[in-house]
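My notes are below, in the order I looked.

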Amino acid sequence: MVKNSSCRLAALNLAMIFWGMAVLLFPGSEAFRACYVIMITAVLVLSIFWKRKDYIRPYSYLVLSFLVFVWMRYLLNLFFNTDVISVGNGINAVNLSHTAVYLGTAANVICMVSILMEGSRFWERVPLFESRKRMVIPGYAEGILVVCALGFFALFLLDSVRKISVINAHDYLAVSENIMVQGYRYFSFGKYFILLWILFGSYRDRFFWGSTILMLAGVGYLMRGARGYAIMYIFMWLLFFSFRHRIKWSWMIILGMGLVYLANFILSYRLGWSVASGFRDVMVSTLNSQGASVEPVFGSVVFREEIRREFGLLEIFTRNDFGMVVDRVRGTGFESGGFGSSFFAEAYFMGFPLGMVFTVLAGVCTGILECACRAVKKGGSAEYAQMLLFMTLPNLIYLGRSSLKDFIFKTIITVIILWTLQSVAGHSCRGSRQEGVL
């Protein structure tokens with residue numbers, strides 16, 4: 001059985017899918033497109049707060065990723081008359097409407113699947129979320145893992161401090177692909193030690209403190225002019241913080257505005273000049289730049305056949321240059337850099353039914369994380385649920401501008417790893433009076 005509130009939200013998303021089909025009957029009408037953009041936005045935002053007080057959760061991050069990375073330019077176009085697509089061929093009202101309807105439909109499908117999974121109380125029937133059978137290491141080993149992680153993070157921060165002088169003395173775009181990425185391995189090694197602590201530690205608050213350490217270490221990315229990684233870890237920390245403390249709406253508004261200003265500051269810092277000034281310009285300019293992932297989606301929708309001549313269907317799993325191919329095919333004229341890729345662009349490129357399968361899988365994976373979040377908030381240890389959230393949330397937050405496989409494969413692999421650990425722990429603990437804790 002599915003809760004009535006979840007059924008209503010799912011039905012509302014389904015109604016938006018049919019409304020999108022109606023919009024396609026008048027693809028050249030900017031009025032129809034504007035109405036559709038407003039309605040999709042309203043439904044997605046409403047679905048976060050519908051009979052819910054816990055608005056900080058995986059589903060909210062899904063909606064936020066979609067709104068910021070691929071939908072924001074449609075909103076800005078309505079209220080500030082900014083361009084949805086800034087460069088390239090094929091920019092006309094019909095193609096803009098087709099892209100909007102595809103994006104809205106894909107978002108509706110993902111949200112609908114996630115809502116139905118969470119509303120069915122699937123999380124109450126998953127032994128993984130309730131199991132206490134775990135393999136743990138001694139306290140001194142936990143301390144070693146944390147010290148090693150802090151050591152690598154210290155190296156990463158020290159290297160990032162040195163990169164400040166590089167940014168101040170050179171053109172960021174000229175060095176970003178070589179010098180600036182040097183030192184990333186320190187952060188990666190530190191994160192691996194934190195993950196080992198998360199998986200095999202017994203300290204109850206390690207999830208909160210692990211996310212705190214990652215968030216603080218992420219400052220090093222800001223020093224290098226990289227915003228995405230740091231902001232991902234801020235939002236991950238926010239979820240684990242919300243498990244401990246209730247966060248008021250006023251603080252969320254302040255945090256949101258602060259992150260927009262931070263993103264604008266980092267962009268100005270790495271380019272060497274002020275990108276925007278004044279509240280309105282900062283907000284519009286920053287959100288417009290963050291919404292640039294709609295460009296590869298537009299290219300995939302409009303130039304799909306042309307892209308397929310240069311990019312094989314199954315190469316989506318073996319190559320990492322899909323975004324560059326899209327930029328070249330649609331005539332952006334970029335010699336380097338570009339808009340990157342997007343889950344939604346690659347899903348459309350895959351076509352039906354493969355693209356739809358991955359879209360549904362994204363909803364299933366989000367629903368699993370929603371179930372894990374509910375298991376944590378229900379009370380008890382929910383160790384495996386917190387592990388799942390810790391290891392996959394950054395990929396969900398970045399869904400709008402990541403590849404087709406990142407979030408889905410990461411979630412599936414993580415579930416397999418955790419289930420394997422649970423099975424091994426259960427087998428090892430058979431006959432023990434303790435509840436599976438070694």
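These entries cover cysteines, one tryptophan, aromatic pairs and charges over rings.

**Before starting.** I'm working from a predicted model.

**Cysteines.** I searched the whole structure for disulfides and got 0. I looked at Cys-35 and found that the nearest cysteine sulfur, in Cys-111, is 19 Å away. Cys-35 is partly exposed, at 33% relative accessibility. Cys-111 is buried, with 3% relative accessible area.

**Trp-237.** I found Trp-237 in helix 11, residues 228-242. Is Trp-237 buried or exposed? I got 18% relative accessibility, so it counts as buried because the cut-off is under 20%. Leaving out residues up to four places away in sequence, Trp-237 touches Phe-208, Ser-211, Thr-212 and Met-215.

**Aromatic pairs.** My count came to 38 aromatic pairs. One of them is Tyr-55 with Trp-249, stacked at 5.2 Å centre to centre with 25° between the planes. Tyr-55 is in the loop between helix 2 and helix 3 while Trp-249 is in helix 12, so the pair ties together parts 194 residues apart in sequence. Tyr-55 is buried at 14%, but Trp-249 is partly exposed at 46%.

I also noted Trp-71 and Tyr-74, a tilted pair with ring centres 5.3 Å apart and planes at 35°. Both lie in helix 3, about one turn apart. Trp-71 is buried at 0% relative accessibility, and Tyr-74 is buried at 2%.

**Charges over rings.** I found Arg-304 over the face of Tyr-348, 5.7 Å from the ring centre. The charged end of Arg-308 sits over the ring of Phe-349, at 5.6 Å from its centre.

Key
Residues are numbered from 1 along each chain as its sequence is written. This is a predicted model: local features need pLDDT of at least 70, side-chain atom pairs count only at pLDDT 80 or more; totals for chains, interfaces and linings use all residues. Side-chain values use heavy atoms; hydrogens and water are left out. A disulfide is a pair of cysteine sulfur atoms within 2.5 Å. Buried means under 20% relative accessible area, exposed over 50%, partly exposed in between (1.4 Å probe, protein chains only). Helices (H or I, at least four residues) and strands (E, at least two) are DSSP runs, numbered from the N terminus. Contact means heavy atoms within 4.5 Å. Rings of Phe, Tyr and Trp (its six-membered ring) pair if their centres lie within 6.5 Å; planes under 30 degrees apart count as stacked, over 60 as edge-to-face and the rest as tilted. A charge sits over a ring if NZ of Lys or CZ of Arg is within 6 Å of the ring centre and within 35 degrees of the ring normal.
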